[in-house]
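Open the model in your viewer and keep the sequence panel beside it. This tour goes stop by stop, telling you what to select and what is there.

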Amino acid sequence: MHPVHEPLRRGQALLSRYAESTVWLARYMERIENLARIIDVTDTFTRTGTGENDWRSVVQINADEERFFAGRSEADVASVAEFYILDRENPNSIASLIQVARENARTLRPLISTEMWTHLNMMHKWVRGLTRSDIRPSQLSTLCTRLKQECQTHYGITEGTFYRDQGWYFYVIGKYLERGNQTTRLVDIKYHTLLPRDAEVGSQVDMSQWSAVLRSAAAYHAYRRMMPRSLAPAAVAGFLLLNNAFPRSLVLTLRQVNWALSQLRTDYGLRRGGNALERMDELRASLADQTIEEIILRGLHEFLDWVQMQLHHIHDEIAEAFWAVIPAPAEPASGTAIAASASQIIGGGGMSQTLGGMTQVIGVTNQIDPNDSTEPPEPIQT
Amino acid sequence: MSGAASGSGLFQSYGNPRFFCEIMNAIGPEDPTVALVRDRLRAFDEDELRRRASAAEAELYNLGITFTVYSERDSIDRILPFDLIPRILTAAEWDVVERGVVQRVTAINQFLWDIYHDQKILKDGVLPRDLVLGNSNFRPEMMGLDVPLGVYVHVNGTDIVRDDQGRFLVLEDNARTPSGVSYVIENRHMMLRVLPDLVAGLRIRGVDEYGVRLQQAMAAMAPEHVPDPQVVLLSPGIYNAAYFEHVFLAREMGVPLVEGRDLVVEDARVYMRTIAGLRPVHAIYRRLNDDFLDPDVFRPDSQLGVRGLVDAWRRGNVAIANAVGTGVADDKAIYAYMPRIIKYYLDQDPILDNVQTNICREADGLQYTLDNLETLVVKPVGESGGYGLIIGPHASKTELDAFRSKLKADPANYISQPVINLSTAPTLCEDGVQARHVDLRPFAITGQSTWVLPGGLSRVALKKGSLVVNSSQGGGSKDTWVLQS
């Protein structure tokens, strides 16, 4: 019961569990959007009739080769779309991601707006109802567009209704950490699959493929405006990584994370974020100090690998600072059906892979209190 | 009882109700507002009402006013079906219910204080000792613990039915963690959205102050030296079927919804884990059963509770609502004695009668039950959820005979009641508007004093002739209107 005129920072401290769920909600929604973008652009890519490796590169971007090829021999439009949109066994599919996003939103239901919750709930229902017929080649682009729009609706509602206290900054942190990570993956994979071999430099194929990479990040027109005379791979990579105004560039996403961490520190006196901020300073400094040509010269892949590692570390530092708890030893749950569904949600740790998507480890307590239900089990008369 | 011509318009298929009808019948002169609502309803087109009902149902799903059923691979959201035709209580009817509920809750709280302190009621022989002390819901850990304001049951739900004369009768007390209040409030919001033309201009008592009242009651019992107490709602988490309600109440109270793992007890004080470190907690509205609350005191395998919580409570560093050990007051065995309990503590006659109950541990009650088994409902006292009972009129001769010997072997384990002709309310069914049985659960909040939310949860048995209102067996709910005087 705080009087409304008191400054924000005197308000209730955010529950650690809410902070964690907020970061993951934002990450998962951002990941869904990026997946839709990559599938959409690959679809366009292959339709212009070029490389046969394009669908395989989607699997590579997400470091999912092992899981994907365990059950499939070929990466083509049907198998990749199925794997990344419908497959509930794949923790990195949109169907799985919306499920964990919604579970996080359910956890956050006391904190987020009713409009945020309602939209997510409806989006979840829609995505979980998708079938093979929705991912037919003729439908795929339309589907990806709708998926992107649903994510953008989510951001719009969030921007317009989410209360601007600590929770908001954690949302920003999650969203931009994920976006930065996704951008580095896109550049990493595309740069090497499209790296011009001697004969092809400057050829038509190369140009159209790089413009497709830009389009997948919604960067094409911004790029043309800024660099009207060049579509060199290095320039495109430089734009996606180092441009300081493009909303999906690595540099810009880092600036947002840095801003949110700083706000938590100054507005709420949360000095615990210090380690994450230090790492962030180091990462940003190294980006400021180098041109794209220098980075490429020293090895783009190694550099992006290092960046992704740093992003993981920053996430870990934030987790350590704000929600680390010494976990109680897990005991077998009493409700076995529930335990199964929880393990489905938990997924793999994913932290050891440099390229693998970070996955949430949910410490859900799934013990059931048999006596507390929505309503008493009593009939009227008995 | 005055009747009203019913069989026209929307009520074409309704016929003349066989039971007391909540909207057609009245005790004494009919309230003009009830007549007005009935006329408005009658003018409704059935298809139009169905369209509104589908819209309401879709909205319940979209808003996530659901309980989630988890299976191995997936989760399914279910709603509590919402019948659009409201259940109406006049100011005079509500006055009886409200006074009756306050009286009952007051007596229950005094009873609990007594049995966990001096046990005068046992010494005076009003209740059999073993009925209380041997009850599985009696918590010896509570002996001598002075709960703030003497309140054990801060939130109480009283299940009330009406018989064929329209009399209100208490069927059951719910003094542990009664649920359903979120539906009372959400049903009203839904009603205002989908049937604004039915509600227009009527003076109906609001239901929106529940959260504020609950927050006030929680703050009132927090340790006295704390000027600005931190209240939290303790939930078992998102896998609990009532999680929606927990969220709803946390939001209405404006307090954090915490799980056991968010709380920690240090030096007999309760803290929650926040991004700024541990922050003190002073009052807990818990939606977790006694068993799970504190592994130090109750079930040692509980992962849902908080180690040391009861100790912190005992030392007065935190308040907990409802108190531990209230289950002994809403037990079926105790229920039978509730009129005597009210008389004993308040020296008043009950304002709301019990359903007539025969106590089989008493010779008269047993004999009457044995003689009239085929017309009675017989319930074991220790059980809940309708286990082990027999409904005489629905049982075969063999079943009755078998039950008779069970009863004779252990009479103290049983009570019996007549089958009540429950009141009905017009309800939109597949074949038009039909009469369906309803009950009523008003919710009472007790802090410094007891306040009853106007109305309560009206549950309706959607199956024809069914007396079962729970949603897994075809039960739904209705918006409950209390008219202003």
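Helices (H or I, at least four residues) and strands (E, at least two) are DSSP runs, numbered from the N terminus. This is a predicted model, in which local features need pLDDT of at least 70, side-chain atom pairs count only at pLDDT 80 or more, and totals for chains, interfaces and linings use all residues. Residues are numbered from 1 along each chain as its sequence is written, while chains are lettered from A and ligands numbered from 1 in the order in which they are written.

**Stop 1: one residue of chain A**

Select A:Gln360. You will find A:Gln360 in the segment after helix 15 (336-346) of chain A. Is A:Gln360 buried or exposed? A residue is buried if 20 or more other C-beta atoms lie within 10 Å of its own, exposed if 12 or fewer, and partly exposed in between, with C-beta atoms placed from the backbone. A:Gln360 has 21 C-beta neighbours inside 10 Å, so it counts as buried.

Now show what A:Gln360 touches. Leaving out residues up to four places away in sequence, A:Gln360 touches A:Trp24 and A:Val100. Here a contact means that two C-beta atoms, placed from the backbone, lie within 7 Å. A:Ile94 and A:Gln360 are 266 residues apart in sequence, and their C-alpha atoms are 15 Å apart in space.

**Stop 2: chain A as a whole**

Select chain A. Chain A has 15 helices and 0 strands. Of its 382 residues, 47% are buried. Take the contacts in chain A between residues at least 6 apart in sequence: 70% of these join residues at least 24 apart.

**Stop 3: two helices side by side**

Select helix 1 (residues 16-47) and helix 4 (residues 77-86) of chain A. Their axes come within 11 Å and cross at roughly 175 degrees. Axes are lines fitted to C-alpha atoms, for helices over the stretch in contact, and angles run from 0 to 180 degrees between N-to-C directions. Helix 1 and helix 4 of chain A are therefore roughly antiparallel to each other. Angles over 145 degrees count as roughly antiparallel, under 35 as roughly parallel, 65 to 115 as roughly perpendicular and the rest as oblique.

Which residues make the contact? Helix 1 of chain A brings A:Leu35, A:Ile39, A:Asp43 and A:Thr46, and helix 4 of chain A brings A:Val77, A:Ala81 and A:Tyr84. The residues of this contact divide into 5 nonpolar, 1 polar and 1 charged. Ala, Val, Leu, Ile, Met, Phe, Trp, Tyr, Cys and Pro count as nonpolar, Asp, Glu, Lys and Arg as charged, and the others, Gly among them, as polar.

**Stop 4: the domains of chain B**

Move to chain B. Its domain assignment gives domain 1 (1-206 + 328-355 + 420-485), domain 2 (223-317) and domain 3 (356-418). Such bounds come from an automatic or database domain assignment. Colour domain 2 and domain 3 of chain B: 41 Å separate their centres, taken over C-alpha atoms.

**Stop 5: an antiparallel sheet**

Two strands pair if DSSP finds at least two bridges between them.

Strand 14 pairs with strand 17 (residues 414-418) of chain B over 2 bridges, and B:Asn358 stands opposite B:Ser416. Strand 15 and strand 17 of chain B share 5 bridges. There, B:Leu376 has B:Pro418 as its bridge partner. On to strand 16: 2 bridges join it to strand 15 of chain B, and B:Val377 stands opposite B:Ile391. In strand 15 (residues 376-380) of chain B, 4 of the 5 residues are buried.

**Stop 6**
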